[in-house]
Amino acid sequence: MTENKVKNVIMPEEWFSVLPRRQYSYFIRTESADSWFSVYRIKPDIYAIYEDGHFQEVISYLITGTESALLLDTGLGIGNIRKVVESLYDGKIQVTHTHSHFDHIGGDWQFEEVFVPDHPVAINRARRGLDHEEVKDNMEAGSNWKPYPVGFDSNSYLIRPANSFKTVKEGDVFNLGNIRLEVLETPGHSPDSLMYADHENKLLFTGDTFYPATLYAHIEHSDGSDSSFETYRKTMHRIAEQYSDYTLITSHNEPFRPGIELIKVAEAFDQISEGSLTYITDDKGLKKYEFEDFAIVTK
Ligand SMILES: [Zn+2]
């Protein structure tokens, strides 16, 4: 059932008109060593490294423990995220991923080594990166409001390969001393999607599997990094069953969400499956289903 048609369901016009998002007023704004990133201390030991200049509004996180720190994702690769994290933490910093979409692996090349999901798609991308043709859509006019850093050329934007990498899989634990993060495999948005759970503090880093905006269940890529609606639906049910009393920390737009929302998302996937909901469609034939504070895009 079609509701109406728009040009592009992914990048809304005037996307930046909602900035700054209200939630950031609760956090401690922290000096950023590279002005492309806005840095906020969102908990005593967690920094959100937010690329609010670009419509993806991706957030990478630095989690600082007593023994070491963990950088969760490296962002778009537009600014120097290594410089930012090294100015925030004086000690060993490991780098890992929530998944291998371009906006989470862009700064990998700045580090000697990164951890990637133990999945062929992630391993392939760590080895070859993504060329300009694969990512150029994200550099379209209107996709940024902050000027790009000096030296950055959007006409040759690409994702460079990692210098070296190791893999992580379900059940692996990053031990930062006083903080432990367990890896959960949560395929759907991408085949290699991971979440990271801090059970002691009841925190769940959800990557792109859940954030308070349009969830992508439609992605297709020639290297196999495709979304799967049905896999995504099952993942949401499994995660909702176990983690709805955790605080969610998401990878786009705003950090915090209550875990109870996982149940709403799982139910939303069911409702779409049933086929009775209205949706918005666009020039590419994508379908966007809108819910209270998130939406789901499918093919
Ligand atoms: Zn993303």
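Is Gln-56 buried or exposed? Gln-56 is buried, with a relative accessible area of 9%; buried means under 20%, exposed over 50% and partly exposed in between, with a 1.4 Å probe and protein chains only. The model is predicted: local features need pLDDT of at least 70 and side-chain atom pairs count only at pLDDT 80 or more, while totals for chains, interfaces and linings use all residues. Residues are numbered from 1 along each chain as its sequence is written, and side-chain values use heavy atoms, with hydrogens and water left out.

**View 1. Zinc site.** The zinc ion is coordinated by Asp-103 (OD), His-104 (NE2), Asp-208 (OD) and His-252 (NE2), at 2.0 to 2.3 Å. Donors are N, O and S atoms within 2.8 Å of the metal (3.2 Å for Na, K and Ca), and sites may look incomplete because water is not among the atoms. Angles among the four donor atoms run from 90 to 160 degrees, and the site is irregular. Four donors count as tetrahedral if all angles lie between 85 and 135 degrees; four count as square planar and six as octahedral if opposite donors are over 155 degrees apart and all others between 65 and 115; anything else is irregular. Along the sequence the donor residues follow the spacing D-H-x103-D-x43-H. His-104, in helix H2 (residues 102-105), and His-252, in the loop between strand S15 (247-250) and strand S16 (256-258), link distant parts of the chain, 148 residues apart. Helices (H or I, at least four residues) and strands (E, at least two) are DSSP runs, numbered from the N terminus. His-104 is buried at a relative accessible area of 0%, and His-252 is buried at 3%.

**View 2. Surroundings of Gln-56.** Gln-56 belongs to the loop between strand S4 (46-50) and strand S5 (59-64). Leaving aside neighbours within four places in sequence, Gln-56 is in contact (heavy atoms within 4.5 Å) with Phe-102, Asp-103, Asn-138, Tyr-216, His-252 and Asn-253. Two of these contacts, Asp-103 and His-252, are also zinc donors. Asn-253 is found in the loop between S15 and S16 and is buried, at 8% relative accessibility. Its phi is near 70 degrees, a positive value in a residue other than glycine.

**View 3. Aromatic pairs.** The count comes to 19 aromatic pairs, where rings of Phe, Tyr and Trp (its six-membered ring) pair if their centres lie within 6.5 Å; planes under 30 degrees apart count as stacked, over 60 as edge-to-face and the rest as tilted. One of them, Trp-15 with Phe-55, is edge-to-face, at 6.5 Å centre to centre and 65 degrees between the planes. This pair links distant parts of the chain, 40 residues apart: Trp-15 is in the loop between strand S1 (2-5) and strand S2 (28-30), and Phe-55 in the loop between S4 and S5. Trp-15 is buried at 6% relative accessibility, as is Phe-55 at 11%. Tyr-148 and Phe-152 form a tilted pair, 4.9 Å centre to centre with 55 degrees between the planes, and both residues are buried. Tyr-24, Phe-27, Tyr-40, Tyr-50 and Phe-256 form one aromatic cluster.

**View 4. Helix H3 and its cover.** In helix H3 (residues 120-128) the buried residues are Val-121, Ala-122, Ile-123, Arg-125 and Ala-126. Their cover includes H2, strand S8 (114-117) and strand S9 (165-168). Just after H3, Gly-129 has a positive phi of about 70 degrees.

View 5. Most residues other than glycine have a negative phi, and most peptide bonds are trans. Leu-19 and Pro-20 are joined by a cis peptide bond, with omega about -10 degrees; Pro-20 is in the loop between S1 and S2. Lys-202 has a positive phi, near 50 degrees, and lies in the loop between strand S12 (194-198) and strand S13 (203-207). Lys-202 is partly exposed, with a relative accessible area of 36%.

**View 6. Strand S7 at Ile-93.** Ile-93 is in strand S7 (residues 93-96). The C-alpha atoms of Ile-93 and Leu-70 are separated by 5.5 Å, and the two residues are 23 residues apart along the chain. Apart from neighbours within four places in sequence, Ile-93 is in contact with Leu-62, Ala-69, Leu-71, Val-85 and Glu-86.
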